[in-house]
Amino acid sequence: MAKKVQFGSRIGLIAATVGSAVGLGNIWRFPAEAQSNGGAAFLILYIICVLVLGIPVMLAEFSLGRGTNSDSVGAFRKLSPEKKWWMTGALAILASYLIMSFYMVVAGWTFEYFWQSLTGDLYAGMGNPMDKAGLSLGFKEKMGDYVGTTWKPLIVTYIMIGMNLFVLIRGVQKGIEKMSNIMMPILFLLLVIFASVAMTFPKAMDGLAFFLSPDFSKITPEVCINALGQAFFSLSLGMGILITYSAYFPKQTNLTNTAITVASLDLLVALLMGFIIFPAVMSFGLANEGLEGATLVFVTLPEVFAQLPGTQFWSVLFFLLLMVAALTSTISLGEVSVAFVQDHFKTTRLKACLWVMLPLTVLSTLCSLSQGVLSEFKLWGMNIFDFLDTVATNFMLPTAAILTCIYLGWGAPKGFFRKELSNGGKLSGGFINGVVFIVRYIAPLLIGLILVAKIL
């Protein structure tokens, strides 16, 4: 089924695709990975992985989407209708749906903290800002009390689901593209503001030294695997997002230039977050605290803001930034399933959105309740939230990425991949040969190492 709509402009195309990649993974996962894997040594490996491996795999997914003008399942079915490769696309769609179910809960948390920052309730009763131990304990208790309650997290989760539904129903140009054209400049502007402020902190240079001055003795096989995993996660590979979005690319779109632009902006976000986080934690005596996702965002950074002049102002700006990242992430995840339902069940966009979001609401409700009243319910020793996170992120994504690379390298119709990379023969050169070689031989092997490492 041919797509009846495309992105209306190159700026909109780039904004939407970057928005699909830039999200919570960049904002909170990257600083945590950098801290626990050696700082600058990890950063260098991460950049190499994005440029050498991430871009070729991104081009593989772009080729499938634009070349078939279809969703993740339809792309494989159009190219190989007699074979079972469509199951690769189905796996990617399922993974993105499960990820969206718990991401929506976290997105709700960002909305709640944005609201609490606006009202000032987030910092009420925290006492002396110079009492670091008291601040840390206070914010940990506040987060625990909030996440563990029943009705508040549910309400804000439903608010974020409603926002997603509003954008998705409006469609590709009036919804996703228009939202991205507004949200992505705001996100980058806020990142630049925070990075500029962080450079004025008393120990900013110490933080930058950790982030930018590599100690190559810290490079181990585990660090290499973690850098590769972060690269694939941050670029949204294996989720069906890039296949779905590239189906909206005009045929004349230069896939190589688009992939390089998206990857470069994704790297820029990671760098800016490093420029923000590490000067902050060094300057305010928080370097020894863990920077795990939830702790970093909902405990550590509020501690930093509490010690700054204009606490409420900076807190509002940061949680606005986080909410924007959450929205761009969840909307792109939602579009994967909406496109599939609309294409394969030949229904209207409104019905497709409702069919996707109503069951998701049930799953997200269970994920939210698993942090509180359902915390005792375990699946293989994990609550529902953590179980879905582990299964989708650690196993389903790398498996879908491996199968996609194998398909483009060996299973797709002969010449399809090269034809898409060259825009029908208009472009040529050794770069195309290198991309094909990496997708065919190198990427499946290295992604397989990630998968094996997760299993072991």
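Predicted model: local features only at pLDDT ≥ 70, side-chain atom pairs only at ≥ 80, totals over all residues.
Visitor: Which residues of H8 and H11 meet?

Guide: From H8 come Ala204, Asp206, Gly207, Leu208, Phe210, Phe211 and Leu212. On the H11 side they meet residues including Ala270, Leu271, Gly274, Phe275, Phe278 and Met282. By class, the residues of this contact divide into 11 nonpolar, 3 polar and 1 charged.

Visitor: What makes Phe387 count as buried?

Guide: Phe387, in helix H15 (residues 384–411), has a relative accessibility of 17%. Buried means under 20%, so Phe387 qualifies. Leaving aside neighbours within four places in sequence, Phe387 is in contact with Leu379, Trp380 and Met382. The C-alpha atoms of Phe387 and Cys367 are 9.5 Å apart in space, the two residues being 20 apart in sequence.

Visitor: How do you know whether Thr88 is buried or exposed?

Guide: The relative accessibility of Thr88 is 3%. Since buried means under 20% and exposed over 50%, Thr88 counts as buried. Thr88 belongs to helix H5 (residues 86–119). Not counting residues up to four places away in sequence, Thr88 touches Phe76, Ala400, Leu403 and Thr404.

Visitor: Why is Leu327 called buried?

Guide: Its relative accessible area is 7%; with the cut-off at under 20%, Leu327 is therefore buried. Leu327 lies in helix H13 (residues 311–344). Apart from residues up to four places away in sequence, Leu327 touches Met160, Met163, Asn164 and Met183. Met183 is 144 residues away from Leu327 along the chain, and their C-alpha atoms are separated by 8.8 Å.

Visitor: What makes a set of residues a nonpolar core, and how many residues does the largest one have?

Guide: Its members must be buried residues of the nonpolar kinds listed for a core, such as Leu, Met and Phe, joined through side-chain atoms within 4.5 Å. The largest nonpolar core has 164 residues. Those with the most contacts inside it are Met58, Leu64, Leu187, Phe318 and Phe319.

Visitor: Which residues does Phe319 touch?

Guide: Not counting residues up to four places away in sequence, Phe319 touches Thr110, Tyr113, Phe114, Ser117, Leu122, Val297, Phe298 and Pro302.

Methods:
Residues numbered from 1 in each chain as written. Heavy atoms only, no water. Contact = heavy atoms within 4.5 Å. Helix = DSSP H or I, 4+ residues; strand = E, 2+ residues; numbered from the N terminus. Nonpolar A, V, L, I, M, F, W, Y, C, P; charged D, E, K, R; others polar. Buried < 20%, exposed > 50% of the residue type's maximum accessible area, 1.4 Å probe, protein only.
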